[in-house]
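Hi,

Here is the structure I said I would pass on.

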Amino acid sequence: MNPSINDQLKSYGDYLIMKNFSVATRKMYLRTLKRYLRFHDSKFKGQIISQDTAREFVIYRHKQGRSWSTINCDYSSLRKYFREVIHAEWSLKKMSRPRKEQSLPSIISKQDVVRLINQAGKYKQQVFICFVYATGLRLSEALNVKFEDIDRDRLQIHIRRGKGAKDRIIQIPECLLTILTDYYKYYKPENYLFNGLKKGRRYSTSAAQWIMRQAKKNTKFTKRASIHTLRHAYATHHLESGTDLVYLKSQLGHKHLKTTERYIHLCRTDWS
(Lines give C-alpha, C1' and ligand atoms only; values in the text may rest on other atoms or scores of the structure.)
Protein backbone atom coordinates (compact mmCIF):
# COMPACT_ATOMS: atom_id res chain seq x y z
CA MET A 1 0.00 0.00 0.00
CA ASN A 2 1.30 3.45 -0.90
CA PRO A 3 1.81 6.11 1.79
CA SER A 4 -0.54 9.08 1.62
CA ILE A 5 0.18 11.83 -0.91
CA ASN A 6 0.96 14.26 1.92
CA ASP A 7 3.43 11.81 3.47
CA GLN A 8 5.21 11.29 0.16
CA LEU A 9 5.37 15.02 -0.50
CA LYS A 10 6.81 15.61 2.96
CA SER A 11 9.47 12.92 2.44
CA TYR A 12 10.48 14.41 -0.89
CA GLY A 13 10.40 17.96 0.46
CA ASP A 14 12.65 17.00 3.38
CA TYR A 15 15.09 15.30 1.01
CA LEU A 16 15.28 18.36 -1.26
CA ILE A 17 15.91 20.61 1.74
CA MET A 18 18.69 18.35 3.03
CA LYS A 19 20.28 18.38 -0.44
CA ASN A 20 20.16 22.19 -0.43
CA PHE A 21 17.96 22.62 -3.50
CA SER A 22 16.69 26.14 -4.11
CA VAL A 23 13.16 27.11 -3.04
CA ALA A 24 12.08 27.42 -6.69
CA THR A 25 13.39 23.96 -7.60
CA ARG A 26 11.78 22.39 -4.53
CA LYS A 27 8.40 23.88 -5.43
CA MET A 28 8.72 22.75 -9.05
CA TYR A 29 9.73 19.18 -8.16
CA LEU A 30 7.02 18.86 -5.51
CA ARG A 31 4.35 20.09 -7.96
CA THR A 32 5.41 17.36 -10.38
CA LEU A 33 5.28 14.66 -7.72
CA LYS A 34 1.85 15.84 -6.57
CA ARG A 35 0.53 15.74 -10.15
CA TYR A 36 1.96 12.27 -10.68
CA LEU A 37 0.55 10.87 -7.42
CA ARG A 38 -2.90 12.22 -8.22
CA PHE A 39 -2.65 10.81 -11.74
CA HIS A 40 -1.62 7.44 -10.30
CA ASP A 41 -4.54 7.38 -7.83
CA SER A 42 -7.04 8.19 -10.57
CA LYS A 43 -5.71 5.73 -13.17
CA PHE A 44 -4.03 2.99 -11.14
CA LYS A 45 -5.75 3.11 -7.76
CA GLY A 46 -4.66 0.25 -5.51
CA GLN A 47 -1.41 -0.37 -7.39
CA ILE A 48 2.03 0.32 -5.98
CA ILE A 49 3.67 3.33 -7.63
CA SER A 50 6.25 2.22 -10.15
CA GLN A 51 8.26 3.45 -13.09
CA ASP A 52 5.60 1.93 -15.35
CA THR A 53 2.95 4.33 -14.06
CA ALA A 54 5.51 7.14 -14.06
CA ARG A 55 6.08 6.39 -17.75
CA GLU A 56 2.32 6.60 -18.36
CA PHE A 57 2.31 9.97 -16.59
CA VAL A 58 5.10 11.34 -18.79
CA ILE A 59 3.26 10.16 -21.91
CA TYR A 60 0.06 11.74 -20.57
CA ARG A 61 1.86 15.05 -20.11
CA HIS A 62 3.17 14.82 -23.67
CA LYS A 63 -0.35 14.23 -25.00
CA GLN A 64 -1.46 17.32 -23.09
CA GLY A 65 0.85 19.30 -25.36
CA ARG A 66 3.39 20.23 -22.67
CA SER A 67 6.72 21.56 -23.91
CA TRP A 68 9.86 19.47 -23.97
CA SER A 69 11.38 21.53 -21.15
CA THR A 70 8.31 20.97 -18.94
CA ILE A 71 8.28 17.23 -19.57
CA ASN A 72 12.03 17.08 -18.99
CA CYS A 73 11.50 18.72 -15.61
CA ASP A 74 8.76 16.20 -14.79
CA TYR A 75 11.12 13.39 -15.72
CA SER A 76 13.97 14.76 -13.58
CA SER A 77 11.72 15.21 -10.57
CA LEU A 78 10.30 11.70 -10.71
CA ARG A 79 13.67 10.09 -11.38
CA LYS A 80 15.16 11.75 -8.34
CA TYR A 81 12.19 10.76 -6.16
CA PHE A 82 12.29 7.13 -7.28
CA ARG A 83 16.05 6.74 -7.02
CA GLU A 84 16.90 8.84 -3.99
CA VAL A 85 13.82 8.86 -1.77
CA ILE A 86 11.98 5.56 -2.18
CA HIS A 87 14.95 3.68 -3.68
CA ALA A 88 12.84 2.16 -6.44
CA GLU A 89 13.96 0.95 -9.86
CA TRP A 90 14.31 3.62 -12.53
CA SER A 91 15.50 2.64 -16.00
CA LEU A 92 13.37 4.97 -18.12
CA LYS A 93 15.25 6.94 -20.74
CA LYS A 94 14.87 10.69 -20.90
CA MET A 95 12.59 11.90 -23.67
CA SER A 96 14.69 13.29 -26.52
CA ARG A 97 14.28 16.90 -27.53
CA PRO A 98 12.21 17.15 -30.75
CA ARG A 99 14.41 18.02 -33.70
CA LYS A 100 12.24 20.95 -34.72
CA GLU A 101 11.98 22.42 -31.22
CA GLN A 102 14.53 25.22 -31.42
CA SER A 103 12.56 27.94 -29.68
CA LEU A 104 14.12 31.32 -29.03
CA PRO A 105 13.14 33.64 -26.18
CA SER A 106 10.91 36.60 -26.93
CA ILE A 107 12.65 39.95 -27.26
CA ILE A 108 11.60 43.58 -26.98
CA SER A 109 13.31 46.79 -28.09
CA LYS A 110 14.95 49.48 -25.95
CA GLN A 111 12.02 51.72 -26.80
CA ASP A 112 9.63 49.05 -25.54
CA VAL A 113 11.54 48.85 -22.25
CA VAL A 114 11.31 52.63 -21.79
CA ARG A 115 7.56 52.55 -22.46
CA LEU A 116 7.05 49.78 -19.92
CA ILE A 117 9.09 51.61 -17.28
CA ASN A 118 7.20 54.87 -17.81
CA GLN A 119 3.81 53.16 -17.62
CA ALA A 120 4.55 50.83 -14.71
CA GLY A 121 2.44 52.93 -12.34
CA LYS A 122 4.02 53.63 -8.98
CA TYR A 123 7.57 54.91 -8.65
CA LYS A 124 8.75 51.72 -6.93
CA GLN A 125 7.35 49.61 -9.75
CA GLN A 126 9.13 51.75 -12.32
CA VAL A 127 12.41 51.35 -10.44
CA PHE A 128 11.92 47.59 -10.19
CA ILE A 129 11.50 47.15 -13.96
CA CYS A 130 14.48 49.44 -14.51
CA PHE A 131 16.55 47.40 -12.03
CA VAL A 132 15.78 44.03 -13.63
CA TYR A 133 16.54 45.35 -17.11
CA ALA A 134 19.74 47.16 -16.07
CA THR A 135 21.15 44.10 -14.26
CA GLY A 136 19.80 41.20 -16.36
CA LEU A 137 19.00 39.31 -13.18
CA ARG A 138 16.59 36.43 -12.89
CA LEU A 139 13.42 37.39 -11.03
CA SER A 140 14.32 35.40 -7.91
CA GLU A 141 17.79 36.95 -7.87
CA ALA A 142 16.43 40.50 -8.16
CA LEU A 143 13.94 39.93 -5.35
CA ASN A 144 16.63 38.59 -3.02
CA VAL A 145 19.06 41.53 -3.37
CA LYS A 146 19.77 43.21 -0.04
CA PHE A 147 21.42 46.56 0.61
CA GLU A 148 24.48 44.84 2.05
CA ASP A 149 24.98 43.13 -1.34
CA ILE A 150 25.52 46.44 -3.16
CA ASP A 151 29.07 47.79 -3.35
CA ARG A 152 28.61 51.46 -4.22
CA ASP A 153 32.31 52.19 -4.69
CA ARG A 154 32.98 49.29 -7.06
CA LEU A 155 29.57 49.48 -8.77
CA GLN A 156 28.94 45.81 -8.07
CA ILE A 157 26.21 43.63 -6.63
CA HIS A 158 26.92 40.34 -4.90
CA ILE A 159 24.28 37.87 -6.10
CA ARG A 160 23.86 35.24 -3.42
CA ARG A 161 22.63 31.75 -4.16
CA GLY A 162 21.60 32.31 -7.77
CA LYS A 163 20.63 29.44 -10.03
CA GLY A 164 22.41 26.28 -8.92
CA ALA A 165 22.93 27.88 -5.47
CA LYS A 166 25.96 29.73 -6.84
CA ASP A 167 27.15 33.22 -5.89
CA ARG A 168 28.49 35.71 -8.43
CA ILE A 169 29.44 39.36 -8.70
CA ILE A 170 27.85 41.55 -11.37
CA GLN A 171 28.74 45.04 -12.55
CA ILE A 172 26.08 47.74 -12.67
CA PRO A 173 26.05 51.07 -14.51
CA GLU A 174 26.58 54.22 -12.46
CA CYS A 175 23.26 55.61 -13.63
CA LEU A 176 21.48 52.67 -11.96
CA LEU A 177 23.20 53.46 -8.65
CA THR A 178 21.91 57.02 -8.92
CA ILE A 179 18.36 55.73 -9.50
CA LEU A 180 18.62 53.35 -6.54
CA THR A 181 19.94 56.12 -4.30
CA ASP A 182 16.96 58.36 -5.10
CA TYR A 183 14.62 55.41 -4.66
CA TYR A 184 16.08 54.64 -1.23
CA LYS A 185 15.71 58.24 -0.06
CA TYR A 186 12.06 58.21 -1.10
CA TYR A 187 10.91 54.78 0.17
CA LYS A 188 13.41 53.95 2.94
CA PRO A 189 13.09 50.17 2.34
CA GLU A 190 14.53 47.85 4.97
CA ASN A 191 16.74 44.78 4.57
CA TYR A 192 15.75 43.88 1.00
CA LEU A 193 16.11 46.39 -1.82
CA PHE A 194 12.45 45.89 -2.74
CA ASN A 195 10.03 45.43 0.14
CA GLY A 196 6.59 43.91 -0.05
CA LEU A 197 3.58 45.15 1.91
CA LYS A 198 5.61 44.93 5.12
CA LYS A 199 8.95 46.63 5.48
CA GLY A 200 11.85 44.24 5.88
CA ARG A 201 10.18 41.53 3.81
CA ARG A 202 10.98 41.09 0.17
CA TYR A 203 8.67 41.66 -2.76
CA SER A 204 6.73 38.51 -3.65
CA THR A 205 7.13 36.78 -7.01
CA SER A 206 3.45 37.25 -7.83
CA ALA A 207 3.61 40.98 -7.05
CA ALA A 208 6.64 41.40 -9.31
CA GLN A 209 4.93 39.57 -12.15
CA TRP A 210 1.83 41.72 -11.65
CA ILE A 211 3.96 44.84 -12.24
CA MET A 212 4.77 43.73 -15.78
CA ARG A 213 1.18 42.76 -16.53
CA GLN A 214 -0.04 46.19 -15.42
CA ALA A 215 2.69 48.01 -17.36
CA LYS A 216 1.71 46.10 -20.49
CA LYS A 217 -1.94 46.89 -19.91
CA ASN A 218 -1.23 50.60 -19.40
CA THR A 219 0.76 50.81 -22.63
CA LYS A 220 -1.62 48.57 -24.58
CA PHE A 221 1.43 46.38 -25.17
CA THR A 222 0.62 43.50 -27.53
CA LYS A 223 3.96 41.68 -27.63
CA ARG A 224 4.57 38.63 -25.46
CA ALA A 225 6.60 39.81 -22.49
CA SER A 226 7.17 38.92 -18.86
CA ILE A 227 9.64 40.00 -16.20
CA HIS A 228 12.03 37.38 -17.59
CA THR A 229 11.79 39.04 -21.01
CA LEU A 230 13.72 41.96 -19.52
CA ARG A 231 16.63 39.59 -18.92
CA HIS A 232 16.53 38.49 -22.56
CA ALA A 233 16.40 42.13 -23.63
CA TYR A 234 19.40 42.96 -21.42
CA ALA A 235 21.48 40.20 -23.01
CA THR A 236 20.47 40.96 -26.58
CA HIS A 237 20.90 44.72 -26.30
CA HIS A 238 24.34 44.27 -24.73
CA LEU A 239 25.47 42.02 -27.58
CA GLU A 240 24.17 44.52 -30.10
CA SER A 241 26.24 47.19 -28.33
CA GLY A 242 29.39 45.08 -28.60
CA THR A 243 29.60 43.59 -25.11
CA ASP A 244 32.06 40.71 -24.86
CA LEU A 245 30.32 37.32 -24.86
CA VAL A 246 32.41 35.87 -22.02
CA TYR A 247 31.76 38.94 -19.86
CA LEU A 248 28.04 38.65 -20.60
CA LYS A 249 28.09 34.97 -19.63
CA SER A 250 29.51 35.93 -16.24
CA GLN A 251 26.96 38.70 -15.76
CA LEU A 252 24.03 36.40 -16.57
CA GLY A 253 25.34 33.55 -14.43
CA HIS A 254 25.28 31.00 -17.23
CA LYS A 255 27.10 27.73 -16.70
CA HIS A 256 27.95 27.26 -20.38
CA LEU A 257 28.90 29.80 -23.03
CA LYS A 258 26.56 28.03 -25.44
CA THR A 259 23.61 29.25 -23.38
CA THR A 260 24.76 32.85 -23.80
CA GLU A 261 25.46 32.40 -27.50
CA ARG A 262 21.78 31.80 -28.28
CA TYR A 263 21.18 35.54 -27.84
CA ILE A 264 23.30 36.15 -30.92
CA HIS A 265 20.37 34.82 -32.97
CA LEU A 266 18.14 37.56 -31.52
CA CYS A 267 20.45 40.42 -32.44
CA ARG A 268 19.63 42.86 -35.22
CA THR A 269 21.76 42.32 -38.29
CA ASP A 270 22.03 46.00 -39.14
CA TRP A 271 23.70 47.23 -35.95
CA SER A 272 27.09 48.86 -36.29
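**The cavity**

Glu141, Asn144, Val145, Asp149, His158, Ile159 and Arg160 line the largest cavity. By cavity I mean a set of points on a 1 Å grid over the protein atoms alone where a 1.4 Å probe fits but cannot get out, and lining residues have an atom within 4 Å of a point. That lining has two nonpolar, two polar and three charged residues. (Ala, Val, Leu, Ile, Met, Phe, Trp, Tyr, Cys and Pro are counted as nonpolar, Asp, Glu, Lys and Arg as charged, and the others, Gly among them, as polar.) The space inside is about 30 Å³, and the count is one cavity of 30 Å³ or more. For volumes, grid points are joined across faces, edges and corners, and the volume is the space filled by probe spheres set on the points.

Before the rest, a word on the source: this is a predicted model, where local features need pLDDT of at least 70 and side-chain atom pairs count only at pLDDT 80 or more, while totals for chains, interfaces and linings use all residues. Residues are numbered from 1 along each chain as its sequence is written, and side-chain values use heavy atoms, with hydrogens and water left out.

**The helix pairs**

Helices here are DSSP runs (H or I, at least four residues), numbered from the N terminus. Axes are lines fitted to C-alpha atoms over the stretch in contact, with angles from 0 to 180 degrees between N-to-C directions.

Start with H1 (residues 5–18) and H2 (residues 23–43): they pack at about 155°, axes 10 Å apart. H1 is therefore roughly antiparallel to H2 (the cut-off is over 145 degrees). H1 passes H2 in a right-handed crossing, i.e. the near helix is turned clockwise from the far one by less than a right angle. On the H1 side, the residues in contact (heavy atoms within 4.5 Å) include Leu9, Tyr12 and Leu16, and their partners in H2 include Tyr29, Leu33 and Leu37. By class, this contact of H1 with H2 has nine nonpolar, two polar and four charged residues.

Next come H3 (residues 51–63) and H4 (residues 68–85), whose axes come within 10 Å and cross at roughly 165°. So H3 is roughly antiparallel to H4, and their crossing is right-handed. Among the residues making the contact are Phe57 and Val58 of H3 and Leu78 and Phe82 of H4.

Further along, the axes of H10 (residues 227–240) and H11 (residues 245–252) come within 10 Å, crossing at roughly 165°. That makes H10 roughly antiparallel to H11. The contact includes Tyr234 and Leu239 of H10 and Leu248 of H11, and its residues divide into six nonpolar, two polar and one charged.

Cheers

Terms used: 1 Å grid on protein atoms, 1.4 Å probe; cavity = no way out; pocket = protein on both sides within 12 Å on 5 of 7 lines; lining within 4 Å. Helix = DSSP H or I, 4+ residues; strand = E, 2+ residues; numbered from the N terminus. Parallel < 35°, antiparallel > 145°, perpendicular 65-115°, else oblique.
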